[in-house]
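Look at the chain below before you read on. The report then goes through it piece by piece.

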Amino acid sequence: MTPSGGRILIVEDERAQRDALAQYLVHVAGAIVMSAGLILFYGGIVPLERVDPVLALSSFAVLIGGALMLYMVVRMPKAA
């Protein structure tokens, strides 16, 4: 189990491992950039006009990570 309570699935398929790593990296990168951008904006360090494109791209990254997760769940074989 992970610290957040989720389970780690060991996958032997190389393509599934690559998909999972891509999903994880895209989602985490988007979340980190979004968090940093929101801290900079709400802290009054960077005006909205400068941080808005960064927040938009990070939102798309998180959305793409979620779509990849949905793809992997739908594609996962049924358990016996």
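Predicted model: local features only at pLDDT ≥ 70, side-chain atom pairs only at ≥ 80, totals over all residues.

Arg75 is partly exposed, with a relative accessible area of 33%. Residues are numbered from 1 along each chain as its sequence is written, and side-chain values use heavy atoms, with hydrogens and water left out.

Which side chain meets Arg75 in a salt bridge? Asp19 does, at 3.0 Å from N to O. A salt bridge is a side-chain nitrogen of Lys or Arg within 4 Å of a carboxyl oxygen of Asp or Glu. The pair links distant parts of the chain: Asp19 sits in helix α1, Arg75 in helix α2, and 56 residues separate them. By this rule the count comes to one salt bridge.

The side chains of Asp19 and Arg75 also make a polar contact at 3.0 Å. That term means a pair of N or O atoms within 3.5 Å; within protein, one must be able to donate a hydrogen and the other to accept it, and residues adjacent in sequence count only if both atoms are side-chain atoms. Asp19 is buried, with a relative accessible area of 18%. Leaving aside neighbours within four places in sequence, Asp19 is in contact with Tyr71, Met72 and Arg75. Contact means heavy atoms within 4.5 Å.

## Two helices

What does the secondary structure come to? The protein chain has two helices and zero strands. Helices (H or I, at least four residues) and strands (E, at least two) are DSSP runs, numbered from the N terminus.

Helix α1 covers residues 14–42. Its 29 residues should span 42 Å at 1.5 Å a residue, and its end C-alpha atoms are 42 Å apart, which agrees. The expected span is 1.5 Å times one less than the number of residues. Helix α2 covers residues 48–75. It has 28 residues and reaches 39 Å from its first C-alpha to its last, close to the 40 Å expected. Just after α1, Gly44 takes a positive phi of about 75 degrees.

## Where the helices meet

Which residues of α1 are buried? They are Ala16, Asp19, Gln23, Gly30 and Gly37. These buried residues pack against α2. In α2, the buried residues are Val51, Leu55, Ser58, Ala61, Gly65 and Met72. What covers them includes α1. An α-helix has 3.6 residues a turn, so residues three or four places apart point the same way.

Now take some positions along α1. Ala16 counts as buried, at 15% relative accessibility. The C-alpha atoms of Ala16 and Met72 are 56 residues apart along the chain, yet 7.8 Å separates them. Gln23 is buried too, with a relative accessible area of 10%. Not counting residues up to four places away in sequence, Gln23 touches Gly65, Leu68, Met69 and Met72.

Val33 is also found in helix α1. Is Val33 buried or partly exposed? At 37% relative accessibility, Val33 counts as partly exposed. Setting aside residues up to four places away in sequence, Val33 touches Val54 and Ser58. Val33 and Ala61 are 28 residues apart in sequence and 9.5 Å apart in space, C-alpha to C-alpha.

## Surface and whole chain

Leu21 has its place in helix α1. With Tyr24 and Leu25, Leu21 makes a nonpolar surface patch of about 330 Å². Patches are made of residues with over 30% relative accessible area and no salt bridge; like charges are joined within 9 Å, and nonpolar side chains (Val, Leu, Ile, Met, Phe, Trp, Tyr) within 5 Å.

Accessible areas come from the Shrake-Rupley method with a 1.4 Å probe; for residues, only the protein chains shown count as cover. Of the 80 residues of the protein chain, 15% count as buried. Among contacts between residues at least 6 apart in sequence, 70% join residues at least 24 apart.

Notes: Buried < 20%, exposed > 50% of the residue type's maximum accessible area, 1.4 Å probe, protein only.
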